[in-house]
Amino acid sequence: MISGMAWVFGDHISSDAIIPARFLHQRDSRSWAKVVLADLRPEFASQVGFGDFIVAGRNFGCGSSREQAPLAIKTAGVAAVIAHSFSRMFYRNAFNMGLAVFTCPEAAVRVHDGDRLRLDPYSGLIEDVEQQISFQAQPVDPYLTDLVSQGGLLKKIRKQITGHG
Amino acid sequence: MNQPQTMSQKILASRAGLPYVEPGAIVEAGLDMVLANDVSTPMAIRGFKDIGGEHVFDSSRVVLVADHFTPNKDVASALISKEMVEFASAMRLEHRFEGGSSGVSHVLLAEQGLILPGELVVGADSRTVTHGALGAFATGVGASDLAAALVTGRGWFQAPASIRVELGGELGPWIGGMDIALALLRLLGPEGAHYQSLEFFGPLLPRLSMEARMSISNLMVESGAKAALFPVDQVTTDYLRDKAKRSWRSVAPDPEAPYAKTIKLDVTGLESLAARPHRPHDVATARRAGYEPVNQVFIGSCAAARLEDLRVAAQVLAGRQVHPRVRLLVLPPTPRIMLQAVREGLVETFLAAGGVMGPPSCGPCMGGHLGVLAAGEVAVATANRNYRGRMGHPSSRIYLAGPAVAAASAILGRVADPAEVLS
Ligand code: SF4
């Protein structure tokens, strides 16, 4: 069970909004985490707590396929992104980076900003503690859950090659 | 007896060593070709080194192409090109495209016969889907996927559900692949094929050239499609006859294959189209797309500037002059196309009309290099994205269209239908 606060965002949040191109020349994911989503909610990066959630609308992560976007979110301490839907490349990159993402249109509509959520990452059950309602996210393939628990694609391959992470 | 499968399912299943794969299921599968460019390679090389990679899985199946900023536009891009050349040498990559042999990767690899029907291909570039025109399952991935693929020659894929696209009718004069692609984007919208693959069918296909198919597959990314596959037919085999660098085996969908839905497009009566700023799906007829003064026309990119497209543009421009306000930039996407355009006199036509020729490069397509737009400028491009700021200043505006409309627009100085010039 993961427990944290919901930060609610709208539809079509692009990877450009998640990590603006002007920061891409920096090479350290911690510097991206400091500015993640800054153009939409300047307070997010400094106030987001370890284990908090991003709850968003349709097509989260659309636009450029930059991997810095899920990496910045993960480095900022976000436990999972819950959205109505994800862009294909963001969805893929998120698992490769070891960031858990859940598709749940109902939660996207009903969760309020600041609500406390509890998430069971294995079953995809999301509970809104404030409103006392729960939602079932679409099932995630065990292959992808495993990818996240191994820390992402490259850590997994590294383990396969070298026998250790 | 296996359940019937779409072309996408069959390619993924066969490369995963399975008889059947269910849409939605995740499989690990062997890759036939891995592609990266000058934007994605540096991050992929870093990942490759991070995981302790020493060799690429197969030196004949990895291709790195510097195309976005080539010829190097500044020191930073020169360093990237250098890193790519050094990596290619260290890994003894068999197929090298550098200097005078480089071009826009998605045009180049097909032309070189390096991607073939039935193959599974990943590229760290969203336009990798272009190769669906050849009957390959080709899709864009991120830099981590690429790093992993370089080492293992494998990738993970969620088998997509497929949409059946039926193309029928008769093509009118000047109507080509870009017009069909834009008509389809208008039908599908930005999420119409989300996570899905498109598979093409219908009586129009025998009359649809490989160039037109490539334009169509190329643009389908804007509908969210993961892949966009044409069946392997006479057009495919004719195209590959003296190009294919490996033997290949075509894969056809099963007769009863399950499609999530069917969309139909009858091209009879279709007029020349253009996508208006700032969305590729906001499509209107070229006659009515917009009347604002155009400053630049770009004929190039991996969408629609292959030899056939250049011939069409030259036909419209022959004996005419580009509007005095317009900069016409023509960048043949590969050296071979450039050479053939010289031999056929197309280059002379473009220059005589007042155009400028540029090197094989992505160039203005993503506003990084050559032909960048100033504030408020308007462009018509045979390209695939017209989002705000794509070609330069955020207040510039881009129309997307096929080569006939681009050429006509260059002459009239506004978005125009070729018939307006030729009548
Ligand atoms: S021509 Fe444009 S779309 Fe094609 S690879 Fe280059 S930048 Fe991307």
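**Labels and their cut-offs**

Modeller: Leu18(B) has a relative accessible area of 38%, so Leu18(B) is called partly exposed. This is a predicted model, in which local features need pLDDT of at least 70, side-chain atom pairs count only at pLDDT 80 or more, and totals for chains, interfaces and linings use all residues. Residues are numbered from 1 along each chain as its sequence is written, chains are lettered from A and ligands numbered from 1 in the order in which they are written, and side-chain values use heavy atoms, with hydrogens and water left out.

Biologist: Why is Leu18(B) called partly exposed?

Modeller: Buried means under 20% relative accessible area, exposed means over 50%, and partly exposed is in between (1.4 Å probe, protein chains only). The value for Leu18(B) is 38%, so the label is partly exposed. Leu18(B) sits in the loop between helix H1 (7–16) and S1 of chain B; helices (H or I, at least four residues) and strands (E, at least two) are DSSP runs, numbered from the N terminus.

Biologist: What does Leu18(B) touch, not counting residues up to four places away in sequence?

Modeller: Leu18(B) touches Ala13(B) and Val27(B), where contact means heavy atoms within 4.5 Å.

Biologist: What makes Asn93(A) count as buried?

Modeller: Its relative accessibility is 1%, so Asn93(A) counts as buried. Asn93(A) belongs to helix H5 (residues 88–97) of chain A. Leaving out residues up to four places away in sequence, Asn93(A) touches residues including Ser65(A) and Pro70(A), and from chain B Gly142(B) and Asp145(B).

Biologist: How many residues of H5(A) are buried?

Modeller: Ten of its ten residues are buried, and H5(A) is mostly covered. Among them are Arg88(A), Phe90(A) and Met97(A). After H5(A) comes Gly98(A), with a positive phi near 80°.

Biologist: Which residues touch the most other members of the largest nonpolar core?

Modeller: Ile54(A), Phe60(A), Ile73(A) and Phe90(A) do, in a core of 80 residues. H5(B) gives the most to this core, with six residues. A nonpolar core is a set of buried Ala, Val, Leu, Ile, Met, Phe, Trp, Tyr and Cys residues joined through side-chain atoms within 4.5 Å. Not counting residues up to four places away in sequence, Phe60(A) touches Ile13(A), Val81(A) and Phe86(A), among others. Another core, of 54 residues, lies apart from it and includes Met220(B) and Leu273(B).

Biologist: How many residues of chain B are in contact with chain A?

Modeller: 28 residues of chain B are in contact with 27 residues of chain A. The buried area is about 2,400 Å², of which carbon and sulfur atoms give 57%. Buried area is the accessible area (1.4 Å probe) that two parts lose on being put together, summed over both.

Biologist: Why is the pair Glu28(B) and Lys156(A) called a salt bridge?

Modeller: A salt bridge is a side-chain nitrogen of Lys or Arg within 4 Å of a carboxyl oxygen of Asp or Glu. Glu28(B) and Lys156(A) are 3.6 Å apart, N to O, so the pair meets the rule.

Biologist: Which element gives the largest share of the side of chain B that touches chain A?

Modeller: H5(B) does, with seven residues.
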